[in-house]
Amino acid sequence: MDAFAEFLAGIKNPQHQQRTEEVLAWVAKKFPALMQEIKWKQPMFTDHGTYIIGFSVAKHHLAVAPERAAMIHFANDIIQAGYDHTKELIRMPWDRPVDYSLLERIIEFNIMDKADCETFWRK
């Protein structure tokens with residue numbers, strides 16, 4: 001989690017900081033082979049140089065960005081979880097529990113779907 005220390009320290013709201021740290025630590029523990037990186041001032045996890053998932057902090061939510069292919073693949077699950085979303089990200093409200101099962105499935109999908117990917121983003 002050292003890669004994210006400066007990012008986490010910059011989150012002003014202690015509850016948002018704690019939740020973000022909890023989610024990042026969960027991903028790091030559940031998927032220890034993923035690289036922890038800060039790119040574009042945001043924490044993200046990569047695998048063999050390709051993007052797997054990224055996070056950003058907003059006033060009302062933690063934004064989870066798994067790339068459009070994962071958003072399409074899990075569209076119904078995201079809706080069933082009750083999360084607001086766009087074409088590119090999921091908004092996980094600060095005042096609701098994180099659906100770690102959904103997060104796990106999204107990350108596993110991206111790892112498998114991008115196993116042969118040689119670029120950072122999907123083409």
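The model is predicted: local features need pLDDT of at least 70, side-chain atom pairs count only at pLDDT 80 or more, and totals for chains, interfaces and linings use all residues. Residues are numbered from 1 along each chain as its sequence is written, and side-chain values use heavy atoms, with hydrogens and water left out.

**Stop 1: helix α5**

Select residues 100-113, which make up helix α5. Helices (H or I, at least four residues) and strands (E, at least two) are DSSP runs, numbered from the N terminus. At 1.5 Å a residue, the 14 residues of α5 should span 20 Å, and the end C-alpha atoms of α5 are 20 Å apart, which agrees. The expected span of a helix is 1.5 Å times one less than its number of residues.

Now colour L102, L103, I106, I107, F109 and N110, the buried residues of α5. Buried means under 20% relative accessible area, exposed over 50%, and partly exposed in between (1.4 Å probe, protein chains only). Seen down the axis of α5, its buried residues fall within an arc of 160°, so they line one face of the helix; the arc is that of the directions from the helix axis to the C-beta atoms. To see what covers these residues, show α2, β3 (50-57), β4, α3, α4 and β6 (90-93), which are included in the cover.

**Stop 2: the nonpolar core**

Select V27, F45, I53, F55, I90, L103 and I107. Of the 31 residues in the largest nonpolar core, these touch the most other members. A nonpolar core is a set of buried Ala, Val, Leu, Ile, Met, Phe, Trp, Tyr and Cys residues joined through side-chain atoms within 4.5 Å. At least two residues of this core come from each of α1 (5-9), α2, β3, β4, α3, β6 and α5. Which element gives the most to this core? It is α5, with five residues.

Centre on F55 and show its contacts (heavy atoms within 4.5 Å). Not counting residues up to four places away in sequence, F55 touches V23, L24, V27, Q42, P43, F45, L62, A63, V64 and L103.

**Stop 3: N110 and R122**

Is N110 buried or exposed? N110 is buried, with a relative accessible area of 0%. Leaving out residues up to four places away in sequence, N110 touches I52, P66, A70 and R122. The side chains of N110 and R122 make a polar contact of 2.7 Å. A polar contact is a pair of N or O atoms within 3.5 Å; within protein, one must be able to donate a hydrogen and the other to accept it, and residues adjacent in sequence count only if both atoms are side-chain atoms.

Move on to R122, which is partly exposed at a relative accessible area of 21%. R122 also forms a salt bridge with E67, the closest N and O atoms being 3.0 Å apart. This pair links distant parts of the chain: E67 is in the loop between β4 (61-65) and α3 (68-73), and R122 is in the segment after α5, 55 residues apart. E67 is buried, with a relative accessible area of 10%.

**Stop 4: other salt bridges**

A salt bridge is a side-chain nitrogen of Lys or Arg within 4 Å of a carboxyl oxygen of Asp or Glu. By this rule the count comes to seven salt bridges.

Select K30 and E104, whose closest N and O atoms are 3.4 Å apart in a salt bridge. K30 lies in helix α2 (residues 14-30) and E104 in helix α5, 74 residues apart. K30 counts as partly exposed, at 41% relative accessibility.

Next select R105 and D77, which meet in a salt bridge of 3.7 Å, N to O. R105 is in helix α5 and D77 in helix α4 (residues 75-80), 28 residues apart. R105 is partly exposed at 32%, and D77 is partly exposed at 26%.

**Stop 5**

Select K39, in strand β1 (residues 35-39). K39 is partly exposed, with a relative accessible area of 28%. Its side chain and that of E37 are joined by a polar contact of 3.2 Å. Not counting residues up to four places away in sequence, K39 touches M44 and F120.

End at H16, in helix α2. H16 counts as buried, at 13% relative accessibility. Beyond residues up to four places away in sequence, H16 touches I11, A58, K59 and W94.
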